[in-house]
Structures are given as structure tokens and as C-alpha cells.
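Please look over the sequence and the structure first.

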Amino acid sequence: YVGLPAGAPGLSHLIAGAAQLRDCVHSIAAKNLFVVPSGVLPPNPHELLSSKRFQRVVEILERRFDTIIIDAPALGEVSDTLVVARHCSDVLFVVQAGLTKLETVANELSRLSGEGIPPIRVVLNRVHTYELDQDVMKSFVK
């Protein structure tokens with residue numbers, strides 16, 4: 001989406017020590033944005049994300065950038081998301097309207113809280129305003 005070639009050096013290379021930070025942080029000049037792609041899928045992603053080296057990479061990036069956004073898979077898909085969340089100051093939990101079941105959301109939010117994950121913010125996306133209750137709609141109008 002940002003014009004990087006497939007297989008561009010990224011996070012997995014950085015954590016594994018196969019590349020330097022300068023090789024993995026890619027500048028997207030037109031957007032004043034810096035991106036660290038995932039890199040190649042390693043055979044042991046959970047082990048890499050659980051490592052002290054990943055923690056160190058996050059600390060280095062925190063010193064260099066104002067805001068760091070780590071995109072991770074849905075919580076129910078892999079346990080790696082919990083590992084990543086432990087290194088974050090906030091977690092943005094995205095729920096797709098009309099698709100994600102309320103029971104699933106409640107279970108996953110409870111799971112995050114039970115793991116001592118930092119503050120969780122919830123975003124409900126793909127909502128059509130005509131689907132919202134009128135009282136909810138009024139709460140958005142100033």
C-alpha cells in the first residue's frame with residue numbers, strides 16, 4: 001500500500017539481527033510517514049516477538065518517533081497479538097459492525113484485561129449511520 005517491494009527488510013529481519021534499523025525503517029516521503037514492514041515470515045514469530053531483542057527494538061523506536069502504531073492480527077487468530085500488546089502504551093481494538101459478534105468482543109476484551117494489557121480503546125468501524133439507534137445518533141451531534 002505504501003510502495004514497498006515485497007520482501008523489503010522489516011521487523012523480522014531487525015529482531016533476528018539480519019538487518020540494521022536504517023535498512024528496516026522506510027521513509028514514505030509523500031506522506032511524511034515511516035514504515036517498518038513485517039519482513040519475511042519467520043518459522044518462529046512468537047519466539048521473536050517474545051524476545052528481549054523485540055523489546056529493545058520497540059524502545060529504540062519510541063525514542064526516535066512521536067507515535068508508533070503496530071498492526072497486529074485479530075486477537076483470536078494468533079497469540080502473537082498478546083505478546084505485542086504487552087509492549088504498547090495503548091491498544092486500539094477494532095470491531096467490524098455487523099460482523100464481529102458481541103460475545104467475541106466481550107471475551108477478547110476480558111482476555112486483554114485479564115492479561116494486564118494497557119488501556120484499551122475500542123473502534124467500531126464500517127457502521128452505517130442509518131443502522132444506529134436514534135439516541136446513539138443524538139449523542140454524536142454537538
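The sections below go from the whole chain to selected parts.

## Basis of the model

The model is predicted, and local features need pLDDT of at least 70, side-chain atom pairs count only at pLDDT 80 or more, while totals for chains, interfaces and linings use all residues. Residues are numbered from 1 along each chain as its sequence is written, and side-chain values use heavy atoms, with hydrogens and water left out.

## Overall make-up

The chain has 7 helices and 4 strands, where helices (H or I, at least four residues) and strands (E, at least two) are DSSP runs numbered from the N terminus. Along the sequence their order is α-α-β-β-α-α-α-β-α-β-α.

Of the 142 residues, 26% are buried; buried means under 20% relative accessible area, exposed over 50%, and partly exposed in between (1.4 Å probe, protein chains only). Contact means heavy atoms within 4.5 Å. Among contacts between residues at least 6 apart in sequence, 66% join residues at least 24 apart.

## Serine 12

Serine 12 lies in helix H1 (residues 11-16) and is buried, at 8% relative accessible area. Apart from neighbours within four places in sequence, serine 12 contacts Ser38, Gly39, Val40, Pro42 and Leu48.

## Strands E3 and E4

Strand E3 (residues 91-96) and strand E4 (residues 120-125) run parallel and are joined by 6 bridges; two strands pair if DSSP finds at least two bridges between them. Glutamine 96 has asparagine 125 in E4 as its bridge partner.

On E3, the covered face holds Val91, Phe93 and Val95, and the uncovered face holds Leu92, Val94 and Gln96. Valine 123 is in strand E4 and is partly exposed, with a relative accessible area of 32%.

## Salt bridges

There are 3 salt bridges in the structure, each being a side-chain nitrogen of Lys or Arg within 4 Å of a carboxyl oxygen of Asp or Glu. One of them joins arginine 56 and glutamate 59 (3.9 Å, N to O). Both residues lie in helix H4 (residues 52-64), 3 residues apart, about one turn of the helix.

Glutamate 115 and arginine 86 form another (2.4 Å, N to O). This pair links distant parts of the chain, 29 residues apart: glutamate 115 is in the loop between H6 and E4, and arginine 86 in the loop between helix H5 (80-85) and E3. Arginine 121 and aspartate 90 also meet in a salt bridge (3.1 Å, N to O). Arginine 121 is in strand E4 and aspartate 90 in the loop between H5 and E3, so this pair ties together parts 31 residues apart in sequence.
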